[in-house]
Amino acid sequence: MSTKIIPTPAICDIILDLATSGGKLQDAADKIGCCRKTVTTWCIGEEFPEVRAAYIAGKQAYAESLAEDLMEQAQSPLHADPKLASAEVQRRRLIVDTTK
């Protein structure tokens with residue numbers, strides 16, 4: 001019989017830190033010592049609102065960070081050579097599409 005883990009403020013901090021940096025729920029589960037399904041249930045369920053709030057805050061911070069990075073790349077100058085500039089535009093599009 002397994003012991004049910006109740007999330008603590010330290011667990012909320014782990015989830016917040018990993019979500020903010022783009023980490024996966026599996027990474028959080030590994031650090032906490034439980035299965036990914038448990039962490040997923042905490043993050044999307046209603047039973048532990050403090051965990052859900054930490055996860056949502058972390059994901060929002062990560063999304064804002066990604067948006068800033070993509071805007072910085074999009075606004076950076078292109079190469080003077082049209083062929084190289086065109087290749088750079090395609091590379092940037094690929095980065096944006098992959099990030100979505």
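**A loop residue and its neighbours**

Analyst: Not counting residues up to four places away in sequence, Leu 78 touches Ala 85, Glu 88, Val 89 and Arg 92, where contact means heavy atoms within 4.5 Å.

User: Before we go on, what kind of model is this?
Analyst: This is a predicted model: local features need pLDDT of at least 70, side-chain atom pairs count only at pLDDT 80 or more, and totals for chains, interfaces and linings use all residues. Residues are numbered from 1 along each chain as its sequence is written, and side-chain values use heavy atoms, with hydrogens and water left out.

User: OK. Where does Leu 78 lie?
Analyst: Leu 78 is in the loop between α4 and α5. Helices here are DSSP runs (H or I, at least four residues), as are strands (E, at least two), numbered from the N terminus.

User: And how far is Leu 78 from Glu 88?
Analyst: Their C-alpha atoms are separated by 7.1 Å, and the two are ten residues apart along the chain.

User: What about the helices on either side, at what angle do α4 and α5 cross?
Analyst: The axes of α4 (residues 49-75) and α5 (residues 82-99) cross at roughly 170 degrees and come within 10 Å. That makes α4 roughly antiparallel to α5. Axes are lines fitted to C-alpha atoms, for helices over the stretch in contact, and angles run from 0 to 180 degrees between N-to-C directions. Angles under 35 degrees count as roughly parallel, over 145 as roughly antiparallel, 65 to 115 as roughly perpendicular and the rest as oblique.

User: Which residues make that contact?
Analyst: From α4 there are Leu 66, Leu 70, Gln 73 and Ala 74, and from α5 there are Arg 92, Ile 95, Val 96 and Thr 99. By class they divide into five nonpolar, two polar and one charged. For those classes, Ala, Val, Leu, Ile, Met, Phe, Trp, Tyr, Cys and Pro count as nonpolar, Asp, Glu, Lys and Arg as charged, and the others, Gly among them, as polar.

User: Switching topic: how many salt bridges are there?
Analyst: A search of the whole structure turns up four. A salt bridge is a side-chain nitrogen of Lys or Arg within 4 Å of a carboxyl oxygen of Asp or Glu.

User: Why would side chains pair like that?
Analyst: Side chains of opposite charge can pair when their charged atoms come close.

User: Which one involves Lys 4?
Analyst: Lys 4 meets Glu 47 in a salt bridge, 3.6 Å from N to O. This pair links distant parts of the chain, 43 residues apart: Glu 47 is in the loop between α3 (36-44) and α4, while Lys 4 is in the segment before α1 (9-20). Glu 47 is exposed at 55% relative accessibility, and Lys 4 is exposed too, at 60%.

User: And what does Arg 52 pair with?
Analyst: Arg 52 pairs with Glu 46, at 2.4 Å from N to O. Arg 52 counts as partly exposed at 27%, whereas Glu 46 counts as exposed at 63%.

User: Which residue does Glu 88 bridge to?
Analyst: Glu 88 forms a salt bridge with Arg 91, and the closest N and O atoms are 2.8 Å apart. Both lie in α5, three residues apart, about one turn of the helix. Salt bridges that share partners join Glu 88, Arg 91 and Arg 92 into one network.

User: Next up, how do α2 and α3 pack?
Analyst: α2 (residues 25-32) packs against α3 at an angle of about 110 degrees, with the axes 8 Å apart. They are therefore roughly perpendicular to each other.

User: Is Thr 40 buried or exposed?
Analyst: Thr 40 counts as buried, at 18% relative accessibility. Leaving aside neighbours within four places in sequence, Thr 40 is in contact with Leu 25 and Gly 45.

User: Last one: what does Ile 5 contact?
Analyst: With neighbours within four places in sequence left aside, Ile 5 is in contact with Ile 11, Gly 33, Cys 34 and Trp 42. Ile 5 lies in the segment before α1, and its C-alpha atom is separated by 7.8 Å from that of Cys 34, 29 residues apart along the chain.

How values were computed. Buried means under 20% relative accessible area, exposed over 50%, partly exposed in between (1.4 Å probe, protein chains only).
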